[in-house]
Every structure is written in structure tokens, then in C-alpha cells.
Amino acid sequence: MNVTLRLMTAILLPLQWIVIRILGIHLPPEWEAVGAGLAIFGAAFLLSWAAEVAQVDIPQALALAFLALVAVLPEYAVDIYFAWSAGKDPTYIAYATANMTGANRLLIGLGWASVVATFWLKTRHRQVVLDRSRSIELLHLTLATVYSFLIPLKGTLSVLDSVVLLAIFVSYMISASKAKIVEPELDGGVGELLMRMRPNQRRLATVALFVHAGLGIFLSAEPFAEGLLATGRAFAIEEFLLVQWLAPLASESPEFIVAIVFALRGNPGASMGTLVSSKVNQWTLLIGMLPLAYNLSAGHLGAMHLDARQIEEIFLTAAQSLFAVAVLANLSFSLLEAGLFFSLFITQLFFTDPFSRHLYAIAYILLAVTWLIVSRSSRQGLATMVVERWTGKDVASAPQE
């Protein structure tokens with residue numbers, strides 16, 4: 001697609017919904033979900049392009065923090081809406097949990113696997129190797145994953161969880177800002193188009209894209225979420241499942257597409273690195289923000305009490321994250337490993353009973369433990385990350401199998 005046409009299409013997707021809201025047009029629930037979902041989809045592309053160009057005009061450390069927030073804004077808008085609504089109506093806690101767990105499992109089970117599969121189809125290489133700088137993300141993902149097992153044990157999401165997870169996120173951002181990381185281009189075509197502008201014009205265009213995308217997301221989050229729920233009720237589809245899988249697909253599709261483009265261009269390390277970074281953001285900042293939104297809406301301090309299904313979903317998501325850390329600890333991801341993750345992810349969509357969720361969670365944990373016992377490179381990679389973090393010394397890189 002022509003670069004200008006891509007940019008205009010991405011601008012028009014939020015615009016159509018902004019016009020609908022301004023004119024006060026009321027659509028059937030399923031069309032509200034579609035229209036608002038398309039607005040979020042287009043806004044996600046606009047944010048990624050604007051964030052890429054903004055790096056030219058702001059310091060690196062600020063750019064990293066800014067990019068981390070921008071990259072996940074579409075996903076956060078929907079989930080924080082559910083958490084905010086839960087402060088008024090506790091039934092919405094289930095939807096906040098569904099959206100959060102779905103987004104996290106989708107990212108690993110489908111996103112990570114797609115990168116390796118795409119790279120293999122393009123080059124016939126069966127393995128993607130990450131740069132050692134990505135050990136920063138993996139270490140903080142490990143910390144967040146270990147802590148996340150406490151949430152299902154407590155049966156609540158509380159301000160304490162927010163404090164711990166946001167502290168891990170801040171630590172991640174500080175560490176990333178000190179590392180020598182070269183941010184990859186998100187989209188050469190649109191990025192280059194904006195970069196050819198004069199500095200003042202470029203800055204004005206960047207701000208305009210941010211404002212347009214932000215307005216589109218702001219006006220879309222509530223109708224998209226409520227439209228999904230109403231659609232589920234109208235067509236007798238379980239609302240929890242719609243929120244868990246369809247909502248993250250709308251907000252994360254642009255990120256998946258960009259990652260696949262990296263792989264097609266022969267840069268799978270940058271592609272995987274981007275998705276690993278997103279997983280850290282979602283497993284720390286996203287979860288940490290939910291109790292804060294809930295308490296602000298409720299007007300008092302209190303925990304989000306989880307029912308049995310929500311506890312099972314978080315336990316399963318934490319178990320998948322643990323296995324992902326064990327596999328990626330040696331900074332490589334093979335086609336066989338990608339196939340294993342995809343198979344475990346896709347099959348669990350057909351088994352949604354409590355017994356199956358526990359079975360898959362236990363399988364992930366056993367696989368993680370077995371992997372660390374059998375794979376010497378994964379054990380050493382994990383140990384190297386810890387040593388480098390706590391000693392500040394650059395020790396030898398972990399060997400690859």
C-alpha cells in the first residue's frame with residue numbers, strides 16, 4: 001500500500017468514530033464495537049509512527065519511557081475502562097481480568113510464535129537470536145512473573161500489587177535508559193515521510209498525530225468495551241471470552257503487524273525484542289494500573305476481589321510467562337519452541353473448563369522446571385542476567401545451544 005494512503009487510512013479510522021460521537025449517532029451494539037475497534041486499530045498505528053519520529057526531538061531516557069507508555073496505550077485504555085467501571089460495579093472486575101490475561105497470553109502464544117514462523121518462511125533459519133541488551137527485559141519479566149504467582153494465592157488485586165509491579169516497571173525503565181539500546185524503526189515508509197519535513201513542521205505533525213490518536217482512543221474505549229459486552233449478550237456468546245480475546249486483537253494487531261514486518265525485513269531480533277518489551281510493560285504497568293483505577297473510581301482504598309475463574313486465568317497466565325522466561329533465558333527462540341508455545345496457546349482456546357485451565361497451568365510450570373534442568377544454556381543465561389543486574393559487571397554472555 002502507498003505510504004501516503006497508509007497514513008491517510010490510519011487517520012480516517014479514528015476520524016470516522018470521532019465524527020460519529022460528535023454527531024451523537026447511535027449504532028447497534030455490534031456496529032459500535034466494530035466502529036470503535038477500527039478507531040483503536042488505526043490509532044495504534046498513528047501512535048507508533050508518531051512515537052518513532054518523536055525520538056528525534058526528546059532525550060533517549062525520556063524517549064524510552066514515553067515509547068513504553070505509548071506502545072501500550074490502546075490496550076490500556078480498554079482495560080483501565082473496565083477497572084474504572086469495576087469501582088462502581090464489581091461485576092466489571094471479571095472483564096478487567098479477562099482483557100489483561102488475554103492480552104498477555106496472546107502476546108506470547110501468538111505474537112512470539114508468529115515472528116519465528118515468519119522468519120523461517122522468509123529465510124529458512126530455524127532460530128531467532130536476541131541481542132544481549134534484551135536481558136534487561138527478561139530479568140524484569142522474571143521478577144514480575146515470580147511476584148504474579150502471589151496474586152492468585154491472595155485472591156485479590158490490591159494497591160500493594162500496584163506498588164510492587166510499578167516499582168519493577170520503573171526499575172526496568174531506569175535500567176533500559178542506561179543501556180546502549182538503538183531503537184529500531186517502527187515503519188520506514190511513514191516514518192521517513194514525516195522525517196523529510198522541516199523540524200517545526202515535523203514536530204507539529206507529530207503532536208497532531210498524538211492528539212488525533214489519543215482523542216480517538218479516548219472516545220472509543222467505553223463504546224468498544226460496552227459494545228463487546230452487548231454483542232455477547234445479543235448473540236449468546238460468553239462475554240468473558242469476547243473481552244479476553246477480541247479486544248486485545250483489536251489493540252495489539254498493529255504491534256503484531258509491525259513485528260512481522262521486521263521479521264520479513266530480516267531483523268527478527270528487533271521484532272522479538274519489541275514484543276518482549278511489550279510483555280514486560282503489560283505484566284507490570286498494565287496490571288499495576290488496574291487497582292489504582294479501581295480505587296480512584298470507588299473513592300476509597302480497597303482490593304479487587306477475584307472469583308475462582310479470574311484466579312485460574314491469572315494463574316494460567318503467570319505459568320505461561322514462567323515457561324516463556326525459562327525458554328528465552330538463553331536469548332534464543334527456535335521454530336520448535338515457537339511451535340510448542342503456539343500449540344499450547346491455541347488448544348487451550350477449546351478447553352475453557354476449570355480443570356483444563358489448571359491442567360495447562362501445571363503443564364507450563366512443569367515444562368519451565370524441566371527446561372531449566374535440561375537446558376544448561378538457559379540456566380546459565382538466567383544466572384548471568386541476575387549477576388549482571390546485582391553486580392553491575394558485564395560478565396560473559398550465556399552460551400547458546
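Colleague: What does the lining of the second largest cavity have by class: how many nonpolar, polar and charged residues?

Modeller: That lining has 5 nonpolar, 3 polar and 4 charged residues. Here Ala, Val, Leu, Ile, Met, Phe, Trp, Tyr, Cys and Pro are nonpolar, Asp, Glu, Lys and Arg charged, and the others, Gly among them, polar. This is a predicted model, where local features need pLDDT of at least 70 and side-chain atom pairs pLDDT 80 or more, while totals for chains, interfaces and linings use all residues. Residues are numbered from 1 along each chain as its sequence is written, and side-chain values use heavy atoms, without hydrogens and water.

Colleague: Which residues line the second largest cavity?

Modeller: Among them are Arg 105, Trp 245, Arg 309, Glu 313 and Phe 351. Lining residues have an atom within 4 Å of a cavity point, on a 1 Å grid over the protein atoms alone, where a 1.4 Å probe fits but cannot get out.

Colleague: Arg 309 again: over the face of which ring does it lie?

Modeller: Phe 240, at 4.1 Å from the ring centre. The criterion is NZ of Lys or CZ of Arg within 6 Å of the ring centre and within 35 degrees of the ring normal.

Colleague: New topic. How many aromatic pairs are there?

Modeller: The search finds 14, with ring centres within 6.5 Å (Trp by its six-membered ring; planes under 30 degrees apart are stacked, over 60 edge-to-face, the rest tilted). Phe 149 and Phe 315 are edge-to-face, 6.1 Å centre to centre with 75° between the planes.

Colleague: Is Phe 149 buried or exposed?

Modeller: Buried, at 19% relative accessibility; the cut-offs are under 20% for buried and over 50% for exposed, partly exposed in between, with a 1.4 Å probe and protein chains only.

Definitions and conventions: 1 Å grid on protein atoms, 1.4 Å probe; cavity = no way out; pocket = protein on both sides within 12 Å on 5 of 7 lines; lining within 4 Å.
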